[in-house]
Amino acid sequence: MSHIEQSSFINQVSGLLFGNYSDTLSQLLLGRLERFGRKHSIPVAYCDDFGHGKNHAILPVGCRAVLDTKNKTLRFLPS
């Protein structure tokens, strides 16, 4: 996340979906994700449905989507 914040790529970020990477959920990570979202005024969500855990959902690359953290949904838009 620090790398993203320090590059011009941050100007293209409109939301962040962070996947599972460990058997234990770090409260420090959740705090960092929350601060990242507030700082950049973007929705941020943690989800263990993809990543390095037991669940390996496929997220399409380059697809437009709507991340609604209030309703806890991720909706993919037709291309």
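Student: How many helices and strands are there in the protein chain?

Tutor: Helices (H or I, at least four residues) and strands (E, at least two) are DSSP runs that are numbered from the N terminus. In this predicted model, the protein chain has 2 helices and 4 strands, and from the N terminus on its elements follow the order α-β-α-β-β-β. Local features need pLDDT of at least 70 and side-chain atom pairs count only at pLDDT 80 or more, while totals for chains, interfaces and linings use all residues. Residues are numbered from 1 along each chain as its sequence is written, and side-chain values use heavy atoms, with hydrogens and water left out.

Student: How many salt bridges does a search of the whole structure find?

Tutor: The term stands for a side-chain nitrogen of Lys or Arg within 4 Å of a carboxyl oxygen of Asp or Glu. By that rule, a search of the whole structure finds 3 salt bridges. In one of them E5 pairs with R32, with the closest N and O atoms 2.7 Å apart. Because E5 lies in helix α1 (residues 2-6) and R32 in helix α2 (residues 27-40), this pair ties together parts that are 27 residues apart in sequence.

Student: With which residue does E5 form a salt bridge whose closest N and O atoms are 3.5 Å apart?

Tutor: That partner of E5 is K39, and 3.5 Å separates their closest N and O atoms. E5 lies in helix α1 and K39 in helix α2, so the pair ties together parts that are 34 residues apart in sequence.

Student: Where do E34 and R38 lie?

Tutor: Both lie in helix α2, 4 residues apart, which is about one turn of the helix; E34 and R38 form a salt bridge too, with their closest N and O atoms 2.9 Å apart. Salt bridges that share partners, in turn, join E5, R32 and K39 into one network.

Student: Which of the words buried, partly exposed or exposed describes R32?

Tutor: A residue is buried under 20% relative accessible area, exposed over 50%, and partly exposed in between (1.4 Å probe, protein chains only). R32, at 21% relative accessibility, counts as partly exposed, and E34 is also partly exposed, with a relative accessible area of 48%. K39, by contrast, is exposed at 60%, and R38 is exposed at 54%. For the protein chain as a whole, 20% of its 79 residues count as buried.

Student: Which residues make up the largest nonpolar core?

Tutor: A nonpolar core is a set of buried Ala, Val, Leu, Ile, Met, Phe, Trp, Tyr and Cys residues joined through side-chain atoms within 4.5 Å. The largest one here has 8 residues in all, namely I10, V13, L16, L29, L33, F36, I42 and V44. Its largest share, 3 residues, comes from α2. Taking contact as heavy atoms within 4.5 Å, and not counting residues up to four places away in sequence, V44 touches L16, L33, F36, G37 and T69.

Student: Which residues make a nonpolar surface patch of about 230 Å²?

Tutor: Patches are made of residues with over 30% relative accessible area and no salt bridge, where like charges are joined within 9 Å and nonpolar side chains (Val, Leu, Ile, Met, Phe, Trp, Tyr) within 5 Å. Here L59, L74 and F76 make the patch of about 230 Å²; accessible areas come from the Shrake-Rupley method with a 1.4 Å probe, and for residues only the protein chains shown count as cover. L59 has its place in the loop between β2 (44-51) and β3 (65-68), and at 35% relative accessibility L59 counts as partly exposed.
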